[in-house]
Amino acid sequence: MTARTLLLIRHGESTANVAAAAAEAANVDVIPVEARDADVTLSSLGELQAGALGARLRDVLPRDAVVYSSPYRRAVETAQLALGADVILRIDERLRDRELGILDRLTAVGVERRLPLEAERRRWTGKFYYRPPGGEAWTDVALRLRSFLRDVPGDPDGTVVVFAHDAVVSLFLYVMLRMTEAQLAEHLLTHPIANASITELRFDGRDWSLHTFADDAHLAAAGLPATEHPGEARADA
């Protein structure tokens, strides 16, 4: 990638985020979502968060910024609410959320109860390399992000914006900051990525560095609550 600035934006709070939090709190096995992962929409709060994000981006985003989005509906809705329905979005399936396969829609306790052998295999393999049947390992997502970064055109002094998901934002940092597995694990434990937050990476001509991480000050400015909702805590924590 030739750009100098990369803005990574997690989607606003989704209806599945809310359902997952309620299911975890109730200690039930299955998250009652109404749509497949690709079709999950923003919650009413998520829509307001996206609007507040838009007010922030209008102050900082160059007019010629190139904007990409995950094809998943919650990411596209966030981009459109933040930047306007007529924004030119470059949809790229490599930016989609990590696929959980057989673990999809299960809470952490649901995996332990219904798929104890998978739960044990995941503990043995570790979060980074564990691939649930029909799903992806974190390494699989990292691989598609490396492919995406090779293909992104742009002005060497320009800005690229990506609307995506918490796992995707974390793995962008892993790839671009050249983290190790251990460093990523520590990062995930100590650096939650809030909904509708902005993470900024900058290139100095030789290396990428982290300028801002998960900045959601625009939510407080708009009088809105910040929400974290770790996306994979539901089934793959």
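Residues are numbered from 1 along each chain as its sequence is written, and side-chain values use heavy atoms, with hydrogens and water left out. Because the model is predicted, local features need pLDDT of at least 70 and side-chain atom pairs count only at pLDDT 80 or more, while totals for chains, interfaces and linings use all residues.

Student: In what order do the six strands form the open sheet?
Tutor: Strands here are DSSP runs of E with at least two residues, helices are runs of H or I with at least four, and both are numbered from the N terminus. Two strands pair if DSSP finds at least two bridges between them. The pairing in this sheet is mixed, and the order is 3-2-4-1-5-6.

Student: Which strands are the edge strands?
Tutor: An edge strand pairs on one side only.

Student: Which residue of strand 6 is the bridge partner of Arg 202?
Tutor: Strand 5 (residues 198-203) runs antiparallel to strand 6, and five bridges join them. The two strands form a hairpin with four residues between them, where Gly 205 in the turn has a positive phi of about 105°. The bridge partner of Arg 202 is Ser 209.

Student: Which side chain of opposite charge is nearest to Glu 13, and how far away is it?
Tutor: Glu 13 lies in the loop between strand 1 (5-10) and helix 1 (15-26). Glu 13 is buried (under 20% relative accessible area, with exposed over 50% and partly exposed in between, using a 1.4 Å probe and protein chains only). Lys and Arg count as positive and Asp and Glu as negative, while His and the chain ends are not counted.

Student: How many residues apart are Asp 29 and Arg 113, which meet in a salt bridge?
Tutor: The N to O distance in this salt bridge is 2.7 Å. Asp 29 is buried at 16% relative accessible area, whereas Arg 113 is partly exposed at 46%. Asp 29 sits in the loop between helix 1 and helix 2 (44-60), and Arg 113 in helix 4 (residues 108-114), so the pair links distant parts of the chain, with a separation of 84 residues.

Definitions and conventions:
Salt bridge = Lys/Arg side-chain N within 4 Å of Asp/Glu carboxyl O.
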